[in-house]
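Dear colleague,

I am passing on the structure that we talked about, and below it you will find notes on what turned up in it. Please read them with the model open beside you.

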Amino acid sequence: MAVIAHNCPNLQVTVVDLNQEKISRWNDPDLSKIPVFEPGLEKVVKETRFKNLHFSTNFEEAIKKADIIFISVNTPTKEKGVGAGHASDLRFVESSARLVSKFSQGHTIVVEKSTVPIRTAATIMSILDSNKDPKDSKTFDVLSNPEFLAEGTAINDLQFPDRVLIGGNNSLAIDALEKIYLNWVKKEKIIRTNLWSSELSKLSANAFLAQRVSSINAIAELCEVTGADINEVAYAIGEDRRIGSKFLQAGPGFGGSCFTKDILNLVYLCEYFGLNEASNYWKEVIKINNYQKNRISKVVADKLFGTLTQKKIAILGFSFKSNTNDTRQSASIKICKNLLEEGAYLAIHDPKVSKLQIAIDLECEEISNHSNCDYINKWQFFEKIEDAVYSADAIIILCDWDCYKNLDWKEISNMMRAPSWLLDTRNVVSKKLLKDTNLNVWKLGLG
Ligand code: UGA
């Protein structure tokens, strides 16, 4: 929404959330307090906030005034009931539609921005219509306009999108939304489809991206046992223009709030329609991803003579990828839990993730009173890399933050307990930097 406000100074954009604390942080005069860390976001917010970008909890007023409403709420995987563990929980989409239905005035275009299962637009439309008073002249159009930005590069992705997808049944409503994007996106990049194609394209795009990561990770394991080098293989196959070079970076497994959730959703949809072979196909993508995390934990144990008890392991990187403080579904969580389970003591560093967030992810929410957590005293958070690696038996790089790329490995290896190991799961450390060190090195995907 900040990027829309930035590109369309003639539009008034209001972001509404019921969470007062979150909205207060978005309104905080100190821009470093805004709740999301995303390169470039502070600048965009600074240039638009209180001019044509507003943050509020007053949804009644915002809905009444709006011509176009974007529903951008969470659609987590259902935890209970029919489809638990696979289907999307649409309760926030539904409650948003109810609010719009109640407070909107005149004609309102409602845009699905959240990632939703196919045919959610029909649910939204029936909720919107259900509250109609025959006396008033409320009317609605529902459009699907999925978001393809990736965290860490969000501002650039929004400013220069590969495409903008708008699905709908009414071409006038599509025109109205297209007009907004035309302020900065070329017309050729705007794809118009029917509602269901748009909804399904978003799920499919994420499933394809995740499948590429699982594919390259499966090849990485084969490289390790055959003597091939995953970087060379990735380069060689990526040069084929039909395959392309992006999303071929082997790693500890994909994380983030979307890939697993969206594939589970796809699996559920396939099963719902009785497409069991298709459902099994997509399940394998997640299976390989889970296997990758467990495999890495096992490699660590194997390298350290099969036992991790009383050994210090430094974890470099906790977010699910670099340039974000988001840890949702991060491979680091599962790998750290596996290592703690094996008895290791972990020294964790991440340039953006907070100690509290790590505690929550390792199930130590009550960090202050030390209750409710098996792992308390078994891990520590360090703000400085040198403190985390001091006297460690092994260092595992789990995230490709720039600050891990040019470390002085000679100095670090001297600080560690010998025989010391570096396990690089993101291939961020060059061979050159490891020359003249005493480190034993394992790199993911290298024979
Ligand atoms: C992903 C999609 O890339 C976006 O297009 C989509 O809009 C977004 O989900 C969403 O649905 O909200 P995101 O999860 O932010 O974006 O991050 P990605 O860059 O896709 O990375 C996902 C995971 O895959 C990360 O853990 C990353 O480290 C891993 N990955 C990615 C690899 O291991 N190798 C690669 O080559 C690429």
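In which sense do strand β11 and strand β12 pair, and over how many bridges? Strand β11 (residues 394–397) and strand β12 (residues 421–424) pair in the parallel sense, over four bridges, where two strands count as paired if DSSP finds at least two bridges between them. Helices (H or I, at least four residues) and strands (E, at least two) are DSSP runs, numbered from the N terminus. Within this pair, I395 has L422 of β12 as its bridge partner.

Before going further, please keep in mind that this is a predicted model, in which local features need pLDDT of at least 70 and side-chain atom pairs count only at pLDDT 80 or more, while totals for chains, interfaces and linings use all residues. Residues are numbered from 1 along each chain as its sequence is written.

The two strands above belong to an open sheet of six strands with parallel pairing, in the order β10-β9-β8-β11-β12-β13. The edges are taken by β10 (379–381) and β13 (440–443), each of which has a single partner strand, so one side of each is left without a neighbour in the sheet. Neighbouring strands of this sheet are turned by 15° against each other on average, direction ignored; axes are lines fitted to C-alpha atoms, for helices over the stretch in contact, and angles run from 0 to 180 degrees between N-to-C directions. Helix α12 (residues 276–303) lies across β8 (312–316), β11, β12 and β13, and runs at about 165° to β12.

Elsewhere, strand β3 (residues 68–71) pairs in the parallel sense with strand β4 (residues 107–112) over four bridges. The chain goes from β3 through helix α5 (residues 91–103) to β4 in a right-handed β-α-β crossover, meaning that, with the strands pointing away from the viewer, the path from the first strand over the helix to the second runs clockwise.

The protein chain is divided into domain 1 (2–202) and domain 2 (216–447), with bounds that come from an automatic or database domain assignment. The C-alpha centres of the two domains lie 33 Å apart. Their contact takes 15 residues from domain 1 and 16 residues from domain 2, two residues being in contact if their C-beta atoms, placed from the backbone, lie within 7 Å.

The shell around the ligand draws at least three residues from each of these domains. Of the 20 residues around the ligand, Q249, G251, F254, G256 and C258 come nearest, where a residue is near if its C-beta atom, placed from the backbone, lies within 6 Å of the molecule.

Finally, two details of the backbone deserve a look. Most residues other than glycine have a negative phi, and most peptide bonds are trans. The peptide bond from A418 to P419 is cis, with omega near -5°, and P419 is found in the loop between α16 (409–415) and β12. N323, which is not a glycine, has a positive phi of about 65°.
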